[in-house]
Amino acid sequence: MSNYHIKHLEEYYQVYRKSVRNPEVFWEEIAEEHFMWRKKWNKILSWDFSKPEVKWFEGAQLNITENCIDRHLYTRGDKTAILFEPNNPSEGAQHITYKELHDRVCRFSNVLKAQGIRKGDRVCIYLPMIPELAVSVLACARIGAIHSVVFAGFSANALATRINDSDCKMVITSDGSYRGTKTIDLKGIVDDALDNCSCVETVLVAKRIHSEVNMKEDRDQWLQPLLDSASPKCTPEIMDAEDSLFILYTSGSTGQPKGMVHSTAGYMIYSAYTFKNVFQYKEDDVYWCTADIGWITGHSYIVYGPLANGATTVMFEGVPSYPDFGRFWDIVEKHKITQFYTAPTAIRALAKEGVEHLEKYDLSSLKVLGTVGEPINEEAWHWYDDNVGKKKAPIVDTWWQTETGGIMITPIPFATPTKPTYATLPFPGIQPALMDENGNEIKGNQVDGRLCIKFPWPSMARTIWGNHQRYKDTYFSAFENMYFTGDGALRDEVGYYRITGRVDDVIIVSGHNLGTAPIEDAINEHPAVAESAIVGFPHEIKGNALYGYITLKDTGEGRNQDNVRKEINQIITEQIGPIAKLDTIQFTNGLPKTRSGKIMRRILRKIAHKDASNLGDISTLLNPEVVQDIMDNAL
Ligand code: WTA
């Protein structure tokens, strides 16, 4: 039996049982056999969820880039590590071998050092999906700098908030980016952000679209000349197992985004081990995850997990609709993709365009299909299974979070029988629990509750940057001695899990987590707005869309309401980004509130869901009269 590569269901259960009975022995075997250490650990695990404090492999020393790059140089130096597929197919793909990746990462590391970046410094990376993004991530890791990648669709304001929160010394960006037929002025966005960030000393700028940009003297530098003159050798910084590897921001139900901090050794082991099994990765596979490296899926399953296994990982710069809706399938055929990992929202968008876009292409190389980011509906699941996998490629519906660092509940292809809309079984080492509202664990099958995890796993986030109390309050206070995920789930008659969705005020739109509070704050900045509340409602393609209930300061008479709607979405775009725009805006005379003044979102959610028949008792509200009015005018 191999713990590291599970091939059938029986083996899964054996490995799983071992991982629960003796987690330390289990993880130690994996750590021993599959990674390169500069020094072994003194202690495998110490943990206390009440603080909360979790440490894996204390005393060990390593560098994750030695594991992701250097150790492959002898065995697969000429193999493609990163296969870059540009926005415009006529530009042609780039194959970056492990040797070339080593050279590029070392040069970049030396540039970072020459610019004064040291171990522990934070570097913000705001780049499109071009090779420099993966290279700069790895260069930070090589010298021990903590990378904070910000998705290059966020606005200047959102970028500034993230740069300031973790006190970044440097920003790495490009002149611009391509998205289908459009270009985006990334450098201009960075310039706007930096008007409000005094911590940033240096901006490195990659050339991508060759646009005219403004270079600020003493701060901004073109990247390429620095790389050209840097040495292609860089000794990796020796890191402790628990040293921070990166920060990645995610939305919370309230307040500012949370900078989730991930550590080095545990994250490496877990992302590598899950990658190997969840995608049944084999040496000659060509693996493609369509996510952006700006999200956790890209960190763990474009960069670290695949490279730690010596895989070929595809980076796609473009969008599924350019030059046409066959683009994904064109790429699958061209590169003979074996594993394809995408989001339900992309599947729904492609399904809507019709099967004629994929019938032209040979998809027979596909062995495993994956989905992530939000619950997948049954229709989308079947469309994916029938048309993309031709019922031969198992679908892994992988449930996990920015906070968990790696996939937590998932089928193992060819081992776990799949079931549409079910993420199925916990991955080895993961101990889920369903909890009721009184804090008791709900045992047995055919039950539903709030999804918690009872025992630490190696890649869990260790804290929220600069706010450990918030980490404790958000994840370890709702249920004693448990990590609370914020999701609801049910367990069926055979113990399979189905994730039913968020139970807090996080709304997942097109797979992007959005907190209601920052959006409401943005809306409230409009001078005519008195107050607002945002809820999610079902959307055919995006999964959820945003419905805003907005009360204006005067009755709105004399104003052009459509203009106000546009202005509100404009403010949201500036403050957060276009992904947070509202689909529906209803102007209201007031919002339903409890006697303590709290907005009753439950009622607003039901109205947005067109399910207002059973609102429950509203007589205890401070202002029950507004409810009827909102219902009468619902959009
Ligand atoms: C949701 C993405 C159902 C869930 C890796 C979770 C899912 C949040 C699934 C985390 C899935 C993710 N089925 N829901 N397979 N995968 N989610 O941090 O609500 O961007 O809490 O991490 O997405 O989103 P995040």
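At what angle do helix 5 (residues 98-114) and helix 6 (residues 131-143) pack, and how far apart are their axes? In this predicted model, the angle between the two helices is about 65°, and their axes lie 8 Å apart. The crossing of helix 5 with helix 6 is right-handed. On the side of helix 5, the contact is made by Leu 101, His 102, Arg 104, Val 105, Cys 106, Phe 108, Ser 109, Leu 112 and Lys 113. Helix 6 contributes Pro 131, Glu 132, Val 135, Ser 136, Leu 138, Ala 139, Cys 140, Arg 142 and Ile 143. Sorted by class, the residues in this contact comprise eleven nonpolar, three polar and four charged ones.

The ligand is surrounded by 17 residues, of which Asp 397, Thr 398, Thr 402, Asp 487 and Arg 502 are the closest. By class, this shell consists of seven nonpolar, six polar and four charged residues. At least two residues of the shell are supplied by each of helix 11 (296-308), strand 20 (395-398) and strand 25 (497-502). A side chain is involved at Asn 513, where a polar atom lies 3.1 Å from an oxygen atom of the ligand. On its own, the ligand has 530 Å² of accessible area, and the protein covers 96% of this.

The peptide bond from Lys 51 to Pro 52 is cis, with omega near -20°; Pro 52 is placed in the loop between strand 1 (43-48) and strand 2 (53-58). A cis peptide bond also joins Tyr 322 to Pro 323, with omega near -5°. Pro 323 belongs to the loop that runs between strand 17 (312-316) and helix 12 (327-335). Gln 280, a residue other than glycine, has a positive phi, near 45°.

A polar atom of the Asp 243 side chain lies 2.9 Å from the backbone nitrogen of Asp 240. When neighbours within four places in sequence are left aside, the contacts of Asp 243 are with Lys 119, His 262, Ser 263 and Thr 264.

Methods
Residues numbered from 1 in each chain as written. Predicted model: local features only at pLDDT ≥ 70, side-chain atom pairs only at ≥ 80, totals over all residues. Heavy atoms only, no water. Axes fitted to C-alpha atoms, helices over the stretch in contact; angles between N-to-C directions. Helix = DSSP H or I, 4+ residues; strand = E, 2+ residues; numbered from the N terminus. Left-handed = near helix turned anticlockwise from the far one by under 90°. Contact = heavy atoms within 4.5 Å. Nonpolar A, V, L, I, M, F, W, Y, C, P; charged D, E, K, R; others polar. Near = heavy atom within 4 Å. Polar contact = N/O pair within 3.5 Å; in protein donor to acceptor, adjacent residues only side chain to side chain. Areas by Shrake-Rupley, 256 points an atom, 1.4 Å probe, with all protein chains shown as cover.
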